[in-house]
Amino acid sequence: MAAKGLWGSIDEFLNQCAQSGDSAYSAFRSLLERLEDPITRVEARIFLSDLQRRFDTKEASEQCLQTFHFQIQDIHLQQYEGYQSRKKLTMMVIPSIFIPEDWSFTFYEGLNRHPDSIFKDMTVAELGCGNGWISIAIAEKWSPLKVYGLDINPRAVKVSRINLYLNALDENGQPIYDGEKKTLLDRVEFYESDLLGYCRDHHIELERIVGCIPQILNPNPDAMSKMITENAKRGISPLIEAVEEGISVIKPMGIMIFNMGGRPGQGVCKRLFERRGLRVTKLWQTKVIQAADTDISALVEIEKNSPHRFEFFMGLSGDQPICARTAWAYGKAGGRISHALSVYSCQLRQPNQVKIIFEFLKNGFHDISSSLDLYFEDDSVADEKIPFLAYLASVLKKNSFFPYEPPAGSKQFRNLIAGFMRTYHHIPLDANNVVVFPSRAVAIENALRLFSPHLAIVDEHLTRHLPRHWLTSLTIENTETDKPSEDVITVIEAPRQSDLLIELIKKLKPQVVVTGMAHFEAVTSSAFEHLLDTTRKIGSRLFLDISDHFELSSVPGSNGVLKYLSGTPLPSHAAIICGLLKNQVYSDLEVAFVISEEETIFQALNKTVELLEGNTALISQYYYGCLFHELLAFQLADRHLPAEREGEKMKAAEMIGFTSSAISVLNHAELSITEADNSSLIHMDVDQSFLPVPSPVKAAIFESFARQNMAESEIDVTTSIKQFIKSNYGFPTGSNTEFLYADYSLALFNKLVLCCIQEVGTLCFPAGSNGNYVSAAKFLKANTVTIPTQSEEGFKLTEKMLTSVFETLNKPWLYISGPTINPTGLLYSNEEIENILSICAKFGARVIIDTSFSGLEFDSKVWGGWDLGGCLLKLNCYNKPSFWVALLGELSLKMLTGGITFGFLVLNQPFLVDAFHSFSGLSKPHSTVKYTVKKLLDLREQKAGDLLDAIAEQKKLLGTRFKCLKEALEKCGWEVLEAHAGVSMVARPSAYLGKSIKLREDAPAYEAKINDSNIREAMLKATGLCIKSSSWTGIPGYCRFTIALEDSEFERALNCIVKFNTLISN
């Protein structure tokens, strides 16, 4: 009988269904409304029972589908055991949704390969639920807490809900309760959803995700080819997107179960999961017949143009796979072809980290997800790289820019090193005992330059990167004279075995010893103690390298040196050097640290990093910092505070101190300000941009680490650099041109300074040059001359002043910052640089043009570009072989990379190349940085919109910043020099000179009369604003400000300027 109030009869209902598929859907939608209403639910369910009985044979059911556009049939479950006893489900389908077929039944077979407990009390989602039979079967058999059946087709969702009522209520409309007194209505819900969108939007965390998603073959051969090489987003089907969405909503120990057609080949299918950080188990595999109407000609085309071969089979019984071309021909001839169908169970190998990675990728970085590969044959590699990628993703997502880090190294990284030493080796160190260097070789060379010993003994394994002339000098006889030359360092190679080394130390009495330890001697502390005692008595500085014995492990082996330091302070004459190269992923990613418990040594080494290297690559510190962090996470914090360290009290022979040139520079150079833990200084004193890093840059940085097995061509930056300097400066290159790279351009500049010293040349700086470069040259003991500049010329170099200086010199070298001048922010025009170079050519000078601070010209009216190639061609008429031009540069400002730096040097002179290479020890950019730089340079050359728009936006912002800061300074009595480019500008505090400032609220109190030399200190103490004074700029009276600060910091800086003015006025 018909349900009262529904249709007059079943016949009337069927008449509506017979009109069309849409009419049938409309009729069932009305029926669903009555099923969902508790008042009409019973009669609606009875109506369904009557409807099913009308077509109770298989033939009648098939005819119903043809005539009335729906079908109600039973799905039998008796061959599987579960928590419930029901043997079959009753299901309705309509033509506009996927009808259960071999795919879904094979998938259900795979689900049954798991233990019954896999779904018990779990929260489950089924993707592409179709008519809902699998969701209902899961709920019926395994008693999950909740099953969410999801499908993008709204008709499928309606039919699924009807099927839910068909099975949750008996034929009389009464609830069917399970052993826990629940019905299927309590356990199952169906929603319209694009993949897992519903769960994501409603913050539903899942413990199981299942999906029987049909495989969709793209008819475009190019698109399919990309799918096979795993470089497409959708790829084989929505399955890959489903996996990536699943990662974001599944709980850490959750399991995903998906089907996968085997046409691309089983290896490719499995890799699709593994490269996304999933451990894969094949649950079930069978063969299914390829639908006759599926066109596989696109696959044939791919096979023709690539080495890939698809997998098909002849019929269901064939075991030998055939390629797509053979399958296509066999099918055309009337044969039946099949392909494998597999069910995979997947579980995240490092769930929390993988989730962070994919959370980052879905926030505007989908394009680089194809580069991600989280499959590693070696678990130790996975355990190292996946946490780092998660950390990098969180940094790039959370921070709009890379923060300022002191030259001694990131405070966080130094704390992690000290924490590792405290936790694993019980050495009570803190961050102020650790200085970070780009490499072990750099740390050793910097230490030797700091002390400049006349004689040093260096372990034969550690001399490879030292300057060549140190290893060939024999000037050791004058070590006892009263006034030895500071310029000569003689290095004697020594054996590592301690008894032989100590014998050599006693005989030669070196001032510095740099050595490692033999493996058999490093297990105990006796050899180290003997070495400490000998060097103390002789008066030698000791730098002990423990790199070979330092283990980044949760169970580090015995280390005699560290065991000794756990109970005894490191003597003041000794320091520990450790190079970190032992990671599982990148054999060439290096960073080093030096441990000293002597404050003066720590501070001096810190300053050598700033002067000679610029800083240590931030990305290297991030990588090893992540390793230290992971190791510290294994250990519980020590409940006992470490014992207080007392300095050594043993008397030592008189030790060599810092060289007089080093002392002079370190005392007078305006280097970075050491920040107290609780302070929040505003850094207008550093050449770094703190403006937002644009998305293309973040994408390139992440992709460089996400990739595996990068081709050499992908990290070969030379072609891109060549094109960059040609298009920006017109700089000529040829077959003999040498391209040299470093983390920072300052390190490259310092090697050129050493070449100048070797040639006995004189390095000329215009007044108004970067103070760090000038101080570095003086630290290296170069002969330097300052070329006067005039305010009416904007403190630019002029032909007249250059000529007057060159006339007094024999072998002049000229350093010039351009096109953008640091610190003034002015620009050299093409005509101006041509005039300067003509004077240089006339005198046969060597010229270093530093473009490191260029590329952000915000006043286009005064900038028309350079043509150095044309200029140099004209100057050939001077025929001066000694005249040449080297181009120095750094890409952090131009490419908006913030803390990720890349320095380059372009040389066209073979003899200079040879001289340069004699000074080894250069810290070179890692392959990941090269990949990032090449990617960004190529984007710039391709005029990629996002990157160029970001560059244009930052130029505009810098122009606005300059005007804003200029206005604030002028209101407070400063004279401002007009700037046109870059991130810095200069101003003179003319209104303050000679006035007094008193700070009585601070402890200690500060009082001073303002002059050129103390304006920086006064402003720092009064406001916390860091600037550079005239002693750094080289321009009498003028201070330097950098303007590329984060928005809120820039506002704070403006407030500090006003505050300082108020203090002076009062």
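Leaving aside neighbours within four places in sequence, which residues is isoleucine 209 in contact with? I looked this up in a model that is predicted. I found Ala125, Leu127, Leu196, Gly246, Val249, Ile250, Ile255, Met256, Ile257 and Phe258. Isoleucine 209 itself sits in strand E6, residues 206-211. I noted a relative accessibility of 0% for isoleucine 209, so this residue counts as buried.

Next I turned to serine 61, in helix H4 (residues 58-68). Its relative accessible area is 7%; buried means under 20%, so serine 61 is buried. Setting aside neighbours within four places in sequence, I list Phe55, Gln71 and Ile72 as its contacts.

I then consulted the UniProt record. An unreviewed entry there lists residues 119-167 under "domain: Methyltransferase". Over this stretch I read 49% helix and 22% strand, with the end C-alpha atoms 19 Å apart.

Last, I traced a sheet. Seven strands make up an open sheet with mixed pairing, in the order E11-E17-E16-E15-E14-E12-E13. Strand E11 (434-437) and strand E13 (490-494) are the edge strands, each pairing on one side only. From one strand to the next, the twist averages 20 degrees. Strands E12 (residues 455-459) and E14 (residues 512-515) run parallel and are joined by three bridges. In E14, valine 512 stands opposite alanine 456. I found helix H22 (residues 526-538) packed on the sheet, where H22 touches E14, strand E15 (541-545) and strand E16 (574-580). The direction of H22 makes about 160 degrees with that of E15.

Notes
Residues are numbered from 1 along each chain as its sequence is written. This is a predicted model: local features need pLDDT of at least 70, side-chain atom pairs count only at pLDDT 80 or more; totals for chains, interfaces and linings use all residues. Side-chain values use heavy atoms; hydrogens and water are left out. Helices (H or I, at least four residues) and strands (E, at least two) are DSSP runs, numbered from the N terminus. Buried means under 20% relative accessible area, exposed over 50%, partly exposed in between (1.4 Å probe, protein chains only). Contact means heavy atoms within 4.5 Å. UniProt positions are given in the numbering used here, feature names are shortened, and annotations may be inferred rather than shown by experiment. Two strands pair if DSSP finds at least two bridges between them. Axes are lines fitted to C-alpha atoms, for helices over the stretch in contact, and angles run from 0 to 180 degrees between N-to-C directions.
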